[in-house]
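Here is a quick tour of one chain, written to be read with the model open beside you. Take a look first, then follow along.

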Amino acid sequence: MLHAKLWDDMRNGRSLQVVLLEIPLLKVREFAINHAFRPIVRWNVDSRDWAYLNTPKTVSHVLATTHPGSIILMHDIHPTSVAAVPQIIRSLKKRGYTFVTLPTLMQKPLLANLQYFGRGDFRGF
């Protein structure tokens, strides 16, 4: 999550060197309108880890909803989510999935003022 002070610094025009940034969902549009200098990476698989707070349920949900080209949203603030990650990675690798950088996933450089949701799924605002 974007820390409140960092958010204020960005809104007030302070210079920052940011490569990737998770923006609170309700702030994405405001961020894009005011700071359209970076691509915004979203997701197309919501692990629902925040709702389940249960490692086996999170693992099961992610494995059932992930498809080639997915970007999976998880929250490292929940110990149950952190515990789910190694199981998810192992299972997806057994299914033949590989983990790649975002430019590799998108098969081209990421462009400012676009939102990226998964391979082949990018949109403007």
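## Surface at a glance

How much accessible surface does the chain have, and what share of it belongs to carbon and sulfur atoms? The total comes to about 8,000 Å², and carbon and sulfur atoms account for 56% of that. Keep in mind that this is a predicted model.

As for what is tucked away, 34% of the chain's 125 residues count as buried.

## How the chain is laid out

You'll find 6 helices and 5 strands here. Going along the sequence, they come in the order α-α-β-β-α-α-β-α-α-β-β.

## Ile40, a buried residue

Ile40 belongs to strand β1, which covers residues 40–41. With a relative accessibility of 5%, Ile40 counts as buried, because the cut-off for buried is under 20%.

Leu114 is 74 residues away from Ile40 in sequence, yet their C-alpha atoms are 6.2 Å apart in space.

Val85 sits in helix α5, residues 79–94. Is Val85 buried, partly exposed or exposed? Its relative accessibility is 33%, so Val85 counts as partly exposed: that class lies between the under 20% of buried and the over 50% of exposed.

Methods. Residues numbered from 1 in each chain as written. Predicted model: local features only at pLDDT ≥ 70, side-chain atom pairs only at ≥ 80, totals over all residues. Heavy atoms only, no water. Helix = DSSP H or I, 4+ residues; strand = E, 2+ residues; numbered from the N terminus. Buried < 20%, exposed > 50% of the residue type's maximum accessible area, 1.4 Å probe, protein only. Areas by Shrake-Rupley, 256 points an atom, 1.4 Å probe, with all protein chains shown as cover.
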